[in-house]
Amino acid sequence: MENEKKLGKVGGQAVIEGVMMQSDDYRAIAVRKPNGEIEIKKDKIESWVRDKKIDKIPFLRGGFILIDTMISGINSLNFSSEFFLEEEEEDAIDRFLKKIFKEKANDAIIVVSLIISLLLSVGIFVLIPTFIGGLFSKIINSHIALNLIEGAIRIAILIAYMAIVSLNADIKRVFEYHGAEHKTVYCYENDLELTVENARKFGRLHPRCGTNFLFIVMFISIILFSFFGWPNPFLRVAIRILCIPIVAGISYEIIKFLGKYNNILSKIVAYPGMMMQKITTKEPDDEQLEVAIAALKAALNEQ
């Protein structure tokens with residue numbers, strides 16, 4: 001039986017050949033280096049969202065925590081990639097930023113990566129769906145139906161994107177580490193010793209996964225955008241962009257609910273996102289579980 005006090009206390013993210021785990025106080029990244037050794041980086045969490053007590057304000061905190069999470073995620077990916085990219089393989093933009101900003105290059109890379117990620121997200125999940133949805137406005141008069149169509153297109157793009165990238169061998173490895181992260185978190189939440197044998201027996205689908213968050217964002221956006229009717233394309237795009245913090249805020253509270261409770265309602269809400277995790281997680285091997293466990297132990301300050 002799950003130890004309810006531990007539900008929602010830890011979380012993580014798969015990175016290149018590794019896992020990032022986070023507790024209330026520490027963030028740790030464990031990476032399996034090319035020589036087979038596990039490299040661990042552990043840091044005390046310093047969060048401006050926490051320092052300003054924004055994380056205590058329901059609905060407002062979601063948008064800020066999302067940005068904070070994206071920054072730490074990019075940082076974790078950058079750390080893991082350092083072990084596998086030769087200097088000549090480095091991205092041209094990264095080389096340029098390192099040349100210009102020198103010791104501040106890492107901060108600049110994170111900012112640029114965050115901006116590019118946000119622009120791509122808006123382009124793929126706002127501009128394209130609302131443009132395609134607008135084509136149906138010639139034959140459909142109901143703004144609720146048009147918003148449903150737009151939302152369905154948005155979800156279809158997300159699923160198609162995840163399915164396509166999962167075919168890449170390197171991405172498949174990341175998805176395996178994603179599965180290892182979930183199994184390890186389950187092991188901790190069930191109050192078992194963090195060993196490969198114990199973690200191996202748990203499932204790879206978890207209700208507090210970022211994949212669940214993405215699906216909930218899509219669902220909440222359909223409901224929220226329906227209140228604004230179906231205005232002209234420019235106003236429609238502006239409304240959707242301005243509503244992103246509101247959608248993120250509501251979605252975050254739902255994810256918090258899923259992490260805090262394990263009942264019939266929480267299982268129903270989590271189910272669609274859990275099914276999408278069949279794409280974004282793969283079954284890990286014992287070595288990958290070992291890496292995830294090392295990351296979680298470090299985040300719990302046990303090593």
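At 25% relative accessibility, does F83 count as buried, partly exposed or exposed? F83 counts as partly exposed. Buried means under 20% relative accessible area, exposed over 50%, and partly exposed in between, with a 1.4 Å probe and protein chains only.

This is a predicted model: local features need pLDDT of at least 70, side-chain atom pairs count only at pLDDT 80 or more, and totals for chains, interfaces and linings use all residues. Residues are numbered from 1 along each chain as its sequence is written, and side-chain values use heavy atoms, without hydrogens and water.

Start with the whole chain. It has 12 helices and 4 strands. These are DSSP runs, numbered from the N terminus: helices are H or I with at least four residues, strands are E with at least two. Of the 303 residues, 44% count as buried. The C-alpha atoms fill a box of roughly 60 × 55 × 40 Å along the principal axes.

Now look at the aromatic rings. Rings of Phe, Tyr and Trp (its six-membered ring) pair if their centres lie within 6.5 Å; planes under 30 degrees apart count as stacked, over 60 as edge-to-face and the rest as tilted. The count comes to 3 aromatic pairs. In one of them, F79 and F83 have ring centres 5.3 Å apart and planes at 85°, so this pair is edge-to-face. F79 is buried, at 12% relative accessible area.

Another pair is Y186 with F202. Their centres are 6.1 Å apart and their planes lie at 15°, so the pair is stacked. Y186 lies in helix α6 (residues 169–189), while F202 sits in the loop between α7 (196–200) and α8 (210–226), so the pair ties together parts that are 16 residues apart in sequence. Both Y186 and F202 are buried.
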